[in-house]
Amino acid sequence: MKVEEIDSFPLSNVLGYYDCAACRIVDRDIDRGFVGHPCGRCGAPSTGGHDYFPFSVPVLLDLIQHHYHLPEHQQTGSVLVTPDAHRLTIVVFFSSLVEVLLQHFLVAGQLAKGLSIDAIHEKLRETQYVALRLKELFPKVAGEDWKHALKAFPKVGGTSATEVAVFCRRAAVARNRFLHDGNKWAIPAAMPLECVQHLPPLLALFAALHNRYVAKKV
Ligand SMILES: [Zn+2]
């Protein structure tokens with residue numbers, strides 16, 4: 001079933017990722033939630049409850065899903081005008097999701113490097129925007145720049161990491177023009193659907209980044 005066709009059960013369940021508290025590997029093994037379940041990589045028994053992503057991620061996933069499947073907009077006289085205009089919010093949620101995923105990766109990566117949480121928060125305050133965080137903070141975690149790192153993932157969730165990154169940038173530009181300029185035509189008609197379709201590769205990319213740069217070597 002295509003991700004955009006799923007509306008009878010929550011996307012947050014369908015797209016869950018789980019980690020091992022011992023070796024820090026992230027994968028789709030939902031049984032990591034059961035106490036005693038052995039890690040498929042290092043063999044350590046699970047202590048239970050290991051959702052990898054912070055709680056704002058499943059919230060945003062289910063909000064995106066909900067808004068995508070809402071009935072068409074029909075209020076007479078609304079500035080929304082077009083019947084599917086409610087889906088514009090999906091681009092806003094999607095761009096927020098990208099920001100959450102990046103910050104979560106950068107925090108985990110810097111913690112693994114031994115930085116204190118106060119020092120990490122200070123660095124995040126100094127770099128408020130995605131582009132600046134990718135330029136300043138990502139290389140400190142990965143040891144290589146963002147564009148070079150993406151080339152290590154030619155297949156994530158059915159596409160390439162570079163394609164995912166390019167789409168995220170397109171969505172952010174459209175989101176900014178929509179929110180800051182009030183230009184709802186800045187969001188292409190197909191973009192809300194494209195956001196939904198990019199959810200699996202986006203999550204797969206950040207899991208892959210974690211496994212390459214943050215998980216312990218075993
Ligand atoms: Zn493990």
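1. Among contacts in the protein between residues at least 6 apart in sequence, 62% join residues at least 24 apart, a contact being a pair of residues whose C-beta atoms, placed from the backbone, lie within 7 Å. The model is predicted, and local features need pLDDT of at least 70, side-chain atom pairs count only at pLDDT 80 or more, and totals for chains, interfaces and linings use all residues. Residues are numbered from 1 along each chain as its sequence is written.

2. The protein has 9 helices and 2 strands, arranged along the sequence as α-β-β-α-α-α-α-α-α-α-α; helices (H or I, at least four residues) and strands (E, at least two) are DSSP runs, numbered from the N terminus. Its radius of gyration is 18 Å, close to the 17 Å that the globule rule gives for 218 residues, so the protein is as compact as a globular protein of that length. The radius is taken over C-alpha atoms, and the rule is 2.2 Å times the number of residues to the power 0.38. Along the principal axes, the C-alpha atoms fill a box of roughly 60 × 40 × 30 Å.

3. Of the 218 residues, 33% are buried, where a residue is buried if 20 or more other C-beta atoms lie within 10 Å of its own, exposed if 12 or fewer, and partly exposed in between. Not counting residues up to four places away in sequence, Ile64 touches Ile90, Phe93, Phe94, Cys195 and Val196.

4. Helix 3 (residues 88-112) and helix 9 (residues 191-213) pack at an angle of about 5°, with their axes 10 Å apart. That makes helix 3 roughly parallel to helix 9, a term for angles under 35 degrees; axes are lines fitted to C-alpha atoms over the stretch in contact, and angles run from 0 to 180 degrees between N-to-C directions. The residues of this contact divide into 16 nonpolar, 2 polar and no charged, with Ala, Val, Leu, Ile, Met, Phe, Trp, Tyr, Cys and Pro counted as nonpolar, Asp, Glu, Lys and Arg as charged, and the others, Gly among them, as polar.

5. A backbone point deserves mention: Arg24 has a positive phi of about 75° although it is not a glycine. Arg24 sits in the loop between strand 1 (18-19) and strand 2 (26-27), and counts as partly exposed because it has 19 C-beta neighbours inside 10 Å.

Conventions
Two residues are in contact if their C-beta atoms, placed from the backbone, lie within 7 Å. Angles under 35 degrees count as roughly parallel, over 145 as roughly antiparallel, 65 to 115 as roughly perpendicular and the rest as oblique.
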